[in-house]
Amino acid sequence: MQRILVVEDEPAIAQAVADRLAAEGFEVRTVADGPGAVAAFAEYRPDLVVLDLMLPGFDGLEVCRRVQAQRPVPVLMLTARDDETDLLVGLGVGADDYLTKPFSMRELTARVRVLLRRVEHAAVLAAAPARDVLRLGPLEIDRAARRVVVDGVPVHLTPIEYELLDCLARTPGAVLTRAVLLEQVWDWADGAGTRVVDSHIKALRRKLGADLIRTVHSVGYALEVDS
C-alpha cells in the first residue's frame, strides 16, 4: 500500500483529502504544520506528499525544500492563492504539480495517481540495461536514466518536468497544443486546466534556458533546437 503524507492546517480539508485518498486504497497520515511535516516525512517515509502552501511554523515552500533535501519525492502542492510567482517558486523548490483551492477530490486523486505512475515508470526505465540517449543541439536526454544535460551541465528536473520535456522532444520543432500536452503528460483528456502547462513550461525555461522552448501564441509550445 502506497503511503501519502497530507500536510494541511485546515482540519476540514485535511480530513476530506485523507478520507478520499484512503478510500482510493492509499495509506494516509495527516500533519498540520511545517515542522511536524518535516519530522513526519523522515519517520513515515511517504511515497508522495500533498502539501499546503500556507502553514504554521514555516510554509510549504520550506517544507518542500527540506523534504526534497532528505529524499526525492513527488509533491502535489495545494494553494489558496492564484499568484503565478508563488506557483513558480513552488515548482522551483521541488513541487511536481499544484492545485488551486477549491478543487475537486476527483481531480486530486487523478493528479496523485499520475505522479505516482511517473515515479514507477522512472524506476522501471532506470533498471533497464539499454540506453536511449537523445541529442538535440545543446540538449541531451538519457531516457533510461531520465537524466537531462544542457551544454554539458546536468539539470535536475521533477518527474512532471521531465515528462513534459520528453513529450516536446519526441517531435522537435513541432508545435504541441496545451490540450495535447495535458493529455500526454497528465493523462487529462478534457483539455481543462491549461494554466498548469504554462507554469511548468516557465519552470522548465528557468532550468534549461529561455531559448529552447518556443511559445506559439494561443496555440502551444515547441522545442527549438538545432539537430
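These legends describe close-up views of a predicted model. Local features need pLDDT of at least 70 and side-chain atom pairs count only at pLDDT 80 or more, whereas totals for chains, interfaces and linings use all residues. Residues are numbered from 1 along each chain as its sequence is written, and side-chain values use heavy atoms, with hydrogens and water left out.

**View 1. Overall content of the protein.** The secondary structure comes to eight helices and 12 strands; helices (H or I, at least four residues) and strands (E, at least two) are DSSP runs, numbered from the N terminus. Of the 227 residues, 48% count as buried, where buried means under 20% relative accessible area, exposed over 50% and partly exposed in between (1.4 Å probe, protein chains only). Among contacts with a separation of 6 or more, 60% come from residues 24 or more positions apart; a contact means heavy atoms within 4.5 Å.

**View 2. Helix 2 and its buried face.** Helix 2 spans residues 34–44, and its buried residues are Gly 34, Ala 37, Val 38, Ala 40, Phe 41 and Tyr 44. Seen down the helix axis, these residues fall within an arc of 165 degrees, so they line one face of helix 2; the arc is that of the directions from the helix axis to the C-beta atoms. An α-helix has 3.6 residues a turn, so residues three or four places apart point the same way. The buried residues of helix 2 pack against strand 1 (3–7), strand 2 (27–31), strand 3 (48–52) and helix 3 (60–70).

**View 3. The two ends of helix 2.** Helix 2 is followed by Arg 45, which has a positive phi, near 50 degrees.

**View 4. Surroundings of Glu 8.** Glu 8 belongs to the loop between strand 1 and helix 1 (11–23). Glu 8 counts as buried because its relative accessibility is 2%. The side chains of Glu 8 and Lys 101 are joined by a polar contact of 2.9 Å (a pair of N or O atoms within 3.5 Å; within protein, one must be able to donate a hydrogen and the other to accept it, and residues adjacent in sequence count only if both atoms are side-chain atoms). A polar atom of the Glu 8 side chain also lies 2.9 Å from the backbone nitrogen of Glu 10. Not counting residues up to four places away in sequence, Glu 8 touches residues including Ile 13, Val 31, Asp 52 and Leu 78.

View 5. Strand 11 pairs with strand 12 (residues 220–223) over four bridges, and Ala 222 in strand 12 is the bridge partner of Arg 214.

**View 6. Ala 174 beside Tyr 221 and Ala 222.** Ala 174 is in the loop between helix 6 (159–169) and strand 10 (176–177). Its relative accessibility is 30%, so Ala 174 counts as partly exposed. Not counting residues up to four places away in sequence, Ala 174 touches Tyr 221 and Ala 222. Ala 174 and Tyr 221 are 47 residues apart in sequence and 8.1 Å apart in space, C-alpha to C-alpha.

Methods
Two strands pair if DSSP finds at least two bridges between them.
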